[in-house]
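I hope they are handy while you look around.

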Amino acid sequence: MSCKVVMVTSFKGGVGKSTVAANMALRLAIGGKKTMLVDCDFRMRSLDIILGVEEQIVYDAGDVLSGRATLDKAVIFDRRDKGLLFLPAPFNWQGGIDSKAFSDMLDEAREKYQLDYIILDTPGSSGQEFSAAAYCSDIAYIVATHSFPSIRAAECTGRELEELGVVDKRLIINMFDTTGKDSNKKPSVVDIIDKTYLKLVGIIPYDSSLVLMQDNGEMIDKVKECNIAKAFNNICKRTEGKNVPLFTGFKRVNRRKLLNN
């Protein structure tokens, strides 16, 4: 198969884009897909903390783009799976980002490392990083939560991507409350789809343990049997083109109630 570039994005901060991107990339790698995760937030990188590799960074994507370093010097191979590679962003980047140069860098990586997937984690706003990622992407996964501001941001993100030529756009609902508590006060899954005008690719349940885990550089490989790990597994299978029903493998959830209430 040819390498697919997936952009994980939203104009709303705090919806968990980086967490989604990192765990998606790890899940694809565990499934045998050579995957490179790229931090596109050139002003305030965070993926290195989630992956637990902040002490390993010597060079970054900014160094590669400016010619100060090669990809081999900047790319980090993840300790959890040899199929997961990570290209960190510079911190507080002051230069511009040329979309063509960024695309050429990814093309070089795809050939050099024989990649199946490239996952781009973007900052929570429009700008040069967003435009460069859109320029390179085959598909965009827009992340939203149950909150009305994030739903509106997802809709706005979708419109901006459309203007930039990204036609294939999908919705990920993150931090979803699978308990059904206060469901009458929140938009349903169907409501969120209707308001964002996006096709749904996956639902990730809220799990407080994931926040604690990622602060220690740990990810879903540590909790393989929980619902959140199943959620990422389902999303990655759909990314590969497989037909997987929502909530497949989830334990103790009322599927019909969650979709419609």
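**Notes on the model**

1. Leaving out residues up to four places away in sequence, F148 touches P187 and K195, where contact means heavy atoms within 4.5 Å. F148 is found in helix α7; helices (H or I, at least four residues) and strands (E, at least two) are DSSP runs, numbered from the N terminus. At 48% relative accessibility, F148 counts as partly exposed. On that scale buried means under 20% relative accessible area, exposed over 50%, and partly exposed in between (1.4 Å probe, protein chains only). F148 and I192 are 44 residues apart in sequence, with 8.8 Å between their C-alpha atoms.

2. A word on the basis of these notes. This is a predicted model, in which local features need pLDDT of at least 70 and side-chain atom pairs count only at pLDDT 80 or more, while totals for chains, interfaces and linings use all residues. Residues are numbered from 1 along each chain as its sequence is written, and side-chain values use heavy atoms, with hydrogens and water left out.

3. Staying with α7, how do the axes of α7 and α8 cross? The axes of α7 (residues 148–163) and α8 (residues 189–196) come within 8 Å and cross at roughly 40°. That makes α7 oblique to α8; angles under 35 degrees count as roughly parallel, over 145 as roughly antiparallel, 65 to 115 as roughly perpendicular and the rest as oblique. The axes are lines fitted to C-alpha atoms, for helices over the stretch in contact, and angles run from 0 to 180 degrees between N-to-C directions. From α7, the residues F148, I151, A154 and E155 meet I192, K195 and T196 of α8. This contact divides into four nonpolar, one polar and two charged residues. In this classing, Ala, Val, Leu, Ile, Met, Phe, Trp, Tyr, Cys and Pro count as nonpolar, Asp, Glu, Lys and Arg as charged, and the others, Gly among them, as polar.

4. Helix α1 (residues 17–30) and helix α10 (residues 227–239) have axes that come within 9 Å and cross at roughly 70°. That makes α1 roughly perpendicular to α10. On the α1 side the residues are T19, V20, N23, M24, R27 and L28, and they meet F232, N233, I235, C236 and T239 in α10. By class, six nonpolar, four polar and one charged residues form this contact.

5. Which residues does I172 touch? I172 is found in strand β7 (residues 169–176) and is buried, with a relative accessible area of 0%. Residues up to four places away in sequence aside, I172 touches V20, M24, Y141, I142, V143, A144, V201, G202, I204 and I235. Among these, V20 and M24 also belong to the α1 side of the contact with α10, and I235 to the α10 side.

6. F42 lies in the loop between β2 (35–39) and α2 (47–51). Is F42 buried or exposed? At 1% relative accessibility, F42 counts as buried. Apart from neighbours within four places in sequence, F42 is in contact with A61, G62, L65, A89, P90, F91, N92, W93, I97, F102 and E129. The C-alpha atoms of F42 and D60 are separated by 9.8 Å, with the two residues 18 apart along the chain.

7. The largest pocket holds about 270 Å³ of space. Of the 15 residues that line this pocket, K17, S18, D41, M44 and S46 are the closest to its centre. The lining has three nonpolar, seven polar and five charged residues. The structure also holds two cavities of 30 Å³ or more, and the second largest cavity has a volume of about 40 Å³. Its lining is made by G202, I203, A231, N234, I235, R238, L246, F247 and F250. On a 1 Å grid over the protein atoms alone, a cavity is a set of points where a 1.4 Å probe fits but cannot get out, and a pocket is an open set with protein on both sides within 12 Å along at least five of seven lines; lining residues have an atom within 4 Å of a point. Grid points are joined across faces, edges and corners, and a volume is the space filled by probe spheres set on the points.

8. Lastly, a backbone check. Q114 has a positive phi of about 50° although it is not a glycine. Q114 sits in the loop between α5 (99–112) and β5 (117–121) and is exposed, with a relative accessible area of 57%.
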